[in-house]
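Take a look at the sequence and the 3D structure below. This report walks through some of their features in short steps.

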Amino acid sequence: MTVATGIERRTNLAGNIPTAHKGRARAGRTVKYVLLLLFVVIVLMPVYVLLVTSLKGPSDVSAVTSWRLPSRWPWQAGPDGATGFDNWTIAWQTLAAPIGRTFLLAIPAAIISAMLGSMNGFVLSRWKFPYANIVFTLILFGMFIPYQAIMVPLVQMKTSLGMPSSIATLLIVHIIYGLPICTLIFRNYYEGVPNELMEASRVDGAGMLSSYWRIILPLSLPGFVVTIIWQFTSAWNDYLFALFLSDANQGPVSLSLVNLSQGAQLSNYGASMAGALIASLPTLVVYIILGKYFIGGLMSGSVKS
Amino acid sequence: MRKGIRNWGPPLLLISPTIVLVGIFVYVLIGVNISTAMTKDSALTASEFVGLQNFTDLLTEPRFLHSLANLGIFTVFFMVGTMLFGFIWAWMLDKGVTAEGAFRSIYLFPMAVSFVASGVVWRWLLSSAQGDRASGLNRLLQSIGLGSLQNDWYNAPYWGMAAMAMPAIWQLAGYVMALFLSGFRGIPEELREAARMDGASEWKLYRHVIFPQLSPVALSALVIVAHMSLKVFDLIMAVTGSVYITEVPATYMWVALTGAEYGKASAIATILLLLVCIFIVPYLIYTARAERKARR
């Protein structure tokens, strides 16, 4: 098992195709690009709809024109006095506070579970104890369980311990259920660290903690990037835990977005679509800036052998 | 013995918080859930033990069977769709494409978006209104002259869940693509060259060299997509809310829980866990074995 941090580009060895095949190869290439672009259009279609609809004033929204561009600039008021930007204002007013709370949830959840995962990964890859592999598999299982299977006891536990329906409760839950994947990613990452490094420090008489601190941790930046992206995204996008364990008025952005969008009439689609865009922005920014590592996270989340 | 403890004592200490937390929050809670599933409904504590009755009730209840059938249809379409698009995209990109990075990023980006956010637009795209009131995909089909293809999407009884798989495919086909692409890239170029030298046709090259090399990746992708599909919850809640027509066990469990039917909710959750285990347990054993073999 190795962590692939990105997909390596292989050199293309298509240099010496016989001349007779060249015409057919060119036709094939055209077909391929047409298909690739067609898929791009299909994949981006929901984004087009979100953008276009979010910039239309209520008077501009009708079934007939729903696929068209807005009929006026978003800052120009329609006959009802509303502009396209009003959607964004409404959405922002509704979502600003939940978005703030979600940052307070997703950032610590990502950092803390990444740190615990790093320690676990170090132990499970380098300082094995008896039955370490069985313990690892048992931890890993926690990654795949449907969270419904622990939800009723979790709700009971929260009630009986008197834990509030707050971001703090969600934070604890996200840290705990993030442990399996963070452990997996770091374990795979540390498996790739050359043994000689560890041997050398052991010869120097370094104990476990000091070799972790001095040798492993400085090498761990890529592992941290991957786990933190992964955990941030899953805490940000979570809806299940939020619905079961937090209060709609004090919950993360997913809850507020559903409240904003459900029960929305066609005329109010603009605001909910603007809301969907705003709520997706943080994870999209992470994806755009750190996309290469994002792929790495996806790969290592897949128990690739 | 003393030396043994000194050797693996510290690592055990370092990992013990995780062992304790995962032990409690995964295994103990699953145990509690199963025991709750064997008690009578609507009581949080000190409830009456009823054995497997909640399970037998569920498995004879039309509503639960309907949710299972929905889940089955959804899973089949979701798996076939993601595997198909994922493979085609990876295959096209593998053969050398200008701006490969751009295509890859675009196909993969839906993965970064939550089902809750994309559900807003898919609810609109899959609107069942037709004719003059049509919006979303029905309006699009009308305007490109394919009006006859308009349909009820997820509002259609039974096969509606196939339409519900569309957003899920949109979201995760790129992920399967990334897996397949790394699989393609893992095949040594010498292997392909050698096969071409032996005069193997393109099809034979795929049949005998590339597909066998890709099968572990395909297996991983299938298991991951399957277990995601069985757990589907956010998507359904975001697109339709918890309504009967698109009900799956995970959303039915939410309905039972909000109705304070704890025994029933736990029983549904237990069945869901068993379904996921059918895929996951053999897979975990398989990867653990493969890894041990690789290390030898």
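This is a predicted model: local features need pLDDT of at least 70, side-chain atom pairs count only at pLDDT 80 or more; totals for chains, interfaces and linings use all residues.

Are Arg192(B) and Asp94(B) buried or exposed? Both residues are buried.

## A buried pair and its network

Arg192(B) and Asp94(B) form a salt bridge, with 3.5 Å from N to O. The pair links distant parts of the chain. Arg192(B) sits in helix α8 (residues 189-197) of chain B, while Asp94(B) belongs to helix α3 of chain B.

## Other salt bridges

How many salt bridges does the structure hold over all chains? There are 10.

| Pair | N to O distance |
|---|---|
| Arg192(B) and Asp94(B) | 3.5 Å |
| Arg63(B) and Glu247(B) | 2.7 Å |
| Arg187(A) and Glu191(A) | 4.0 Å |

Look at the chain B pair of Arg63(B) and Glu247(B), joined by a salt bridge. This pair, too, links distant parts of the chain: 184 residues separate Arg63(B) from Glu247(B). Arg63(B) lies in helix α3 of chain B. Glu247(B) lies in the loop between α10 (234-239) and α11 (249-258) of chain B. Glu247(B) has a relative accessibility of 1%, so it counts as buried. Arg63(B) has a relative accessible area of 31%, so it is partly exposed.

Now turn to chain A. Arg187(A) and Glu191(A) form a salt bridge. Both are in helix α5 (residues 167-191) of chain A. They are 4 residues apart, about one turn of the helix. Why does Arg187(A) count as buried? The reason is its relative accessibility of 1%, as buried means under 20%. Glu191(A) is partly exposed because its relative accessible area is 26%.

## Helix α3 of chain B

How far apart are the end C-alpha atoms of helix α3 of chain B? They are 47 Å apart. The helix has 33 residues (residues 62-94). At 1.5 Å a residue, the helix should span 48 Å, so the two values agree. Just after α3(B) comes Gly96(B), with a positive phi of about 90°.

Helix α3 of chain B also holds Val80(B). Val80(B) has 52% relative accessibility, so it counts as exposed. Val80(B) is one of the residues in a nonpolar patch on the surface.

## Chain A as a whole

How many helices and strands does chain A have? Its secondary structure comes to 11 helices and 0 strands. Chain A has 305 residues, and 55% of them count as buried. Its accessible surface is about 13,300 Å². Carbon and sulfur atoms account for 67% of that surface. Next, take the contacts in chain A between residues at least 6 apart in sequence. Of these, 76% join residues at least 24 apart.

One residue gives a close-up. Gly121(A) is in helix α2 (residues 85-126) of chain A. Its relative accessibility is 0%, so Gly121(A) counts as buried. Which residues does Gly121(A) touch, not counting residues up to four places away in sequence? They are Thr183(A), Phe186(A), Arg187(A) and Tyr190(A). Arg187(A) is also the salt-bridge partner of Glu191(A). Gly121(A) and Pro180(A) are 59 residues apart in sequence, and their C-alpha atoms are 9.9 Å apart in space.

## What the record says

The UniProt record (unreviewed entry) annotates "transmembrane region" in chain A at several spans, including residues 33-51 and 103-124. In the model, residues 33-51 of chain A are 100% helix, with end C-alpha atoms 26 Å apart. Residues 103-124 of chain A are also 100% helix, and their end C-alpha atoms are 31 Å apart.

For chain B, the UniProt annotation "transmembrane region" (unreviewed entry) covers spans including residues 12-34 and 68-93. Residues 12-34 of chain B are 100% helix in the model, with 30 Å between the end C-alpha atoms. Residues 68-93 of chain B are 100% helix as well, with 37 Å between the end C-alpha atoms.

Conventions. Residues are numbered from 1 along each chain as its sequence is written. Chains are lettered from A and ligands numbered from 1 in the order in which they are written. Side-chain values use heavy atoms; hydrogens and water are left out. Helices (H or I, at least four residues) and strands (E, at least two) are DSSP runs, numbered from the N terminus. Buried means under 20% relative accessible area, exposed over 50%, partly exposed in between (1.4 Å probe, protein chains only). Contact means heavy atoms within 4.5 Å. Accessible areas come from the Shrake-Rupley method with a 1.4 Å probe; for residues, only the protein chains shown count as cover. The expected span of a helix is 1.5 Å times one less than its number of residues. Patches are made of residues with over 30% relative accessible area and no salt bridge: like charges are joined within 9 Å, nonpolar side chains (Val, Leu, Ile, Met, Phe, Trp, Tyr) within 5 Å. A salt bridge is a side-chain nitrogen of Lys or Arg within 4 Å of a carboxyl oxygen of Asp or Glu. UniProt positions are given in the numbering used here, feature names are shortened, and annotations may be inferred rather than shown by experiment.
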